[in-house]
Amino acid sequence: MTSLDPVLEVLDKDGVRLTVEDAVATVTLTNPAKRNAQSPALWRALTEAGRSLPGSVRVVVLRGEGKSFSAGLDRQAFTPEGFDGEPSFLDLARGSDAELDAVITEYQEAFTWWRRNDIVSIAAVQGHAIGAGFQLALACDLRVVAQDVQFGMRETSLGLVPDLTGTHPLVAAVGYARALEICATGRFVHADEAERIGLANLVVPADDLDGAVRDLAGALLAAPRDAVVETKALLRGAQDRTYEEQRTAERASQARRLRDLAGLAD
């Protein structure tokens, strides 16, 4: 990626903007006046952004405008009127189990595509990353955070559970006991602790956040794409495999790479 690469705006709706510059896409939350609070419309826009990525994209950066990455779910969801054109959460609660499951499944789609093997996603996180905001940061492969970051999983304190795919990556990053303590207490995790326990790959001053993310994206692009794709697939599957199964997966992946490099791929 160079300064001469044109920036293409692919999508801009419902608090989400997607731009593409060569092999790097940037998804920006664009409602800083509400600290990038989330809504069903925003989740649908995030899902659309994932489906709209050009095939040339290798790295996706997720960021939020303003002082906060995302303060979580817009509290309007819990009011009787909810959002215009949307069923309120109170209405959803009155539906059948199947209906509620289908709605939550749709919401979760906004959080699932960030770990696709063909891309590496980076969350650039500053200020508040609370509840759904925390889970959105956890949806990404990597997290670069500003020194003022405040992670918090507040769902339990509201009588709910984290249901936007955040529990799996949280446990994978920090372990069961610490994940339980973070979720059950709803306390804030600040930058130093986030880096120490594995929630953050890198902590930088707020003014350096964009530059640090650009440098990381550049480093990720330096390796051949297929090698990164294969490596990501290996690492993602490692926690579900035995040691011997992982050895087998490594051999199969390396055989594919060697054949490809030798021009012998199927």
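Helices (H or I, at least four residues) and strands (E, at least two) are DSSP runs, numbered from the N terminus. The model is predicted: local features need pLDDT of at least 70, side-chain atom pairs count only at pLDDT 80 or more, and totals for chains, interfaces and linings use all residues. Residues are numbered from 1 along each chain as its sequence is written, and side-chain values use heavy atoms, with hydrogens and water left out.

Start with Leu-160. This residue lies in the loop between β8 (150-152) and α5 (167-174). Leu-160 is partly exposed, with a relative accessible area of 38% (buried means under 20%, exposed over 50%, partly exposed in between; 1.4 Å probe, protein chains only).

Next, select residues 7-13 and 16-21. These are β1 and β2, antiparallel strands joined by 6 bridges; two strands pair if DSSP finds at least two bridges between them. Within this pair, Leu-8 stands opposite Val-20 of β2. The two strands form a hairpin with 2 residues between them, and Asp-14 in the turn has a positive phi of about 50°.

In the turn of the β2-β3 hairpin, Asp-22 has a positive phi of about 60°.

Now show the whole open sheet: 7 strands in the order β1-β2-β3-β4-β5-β7-β10, with mixed pairing. β1 and β10 (202-204) stand at the edges with a single partner strand each, so one side of each has no neighbour in the sheet.

Finish with residues 120-125 and 142-146. These strands, β5 and β7, run parallel and are joined by 4 bridges. Ala-123 has Arg-143 in β7 as its bridge partner.
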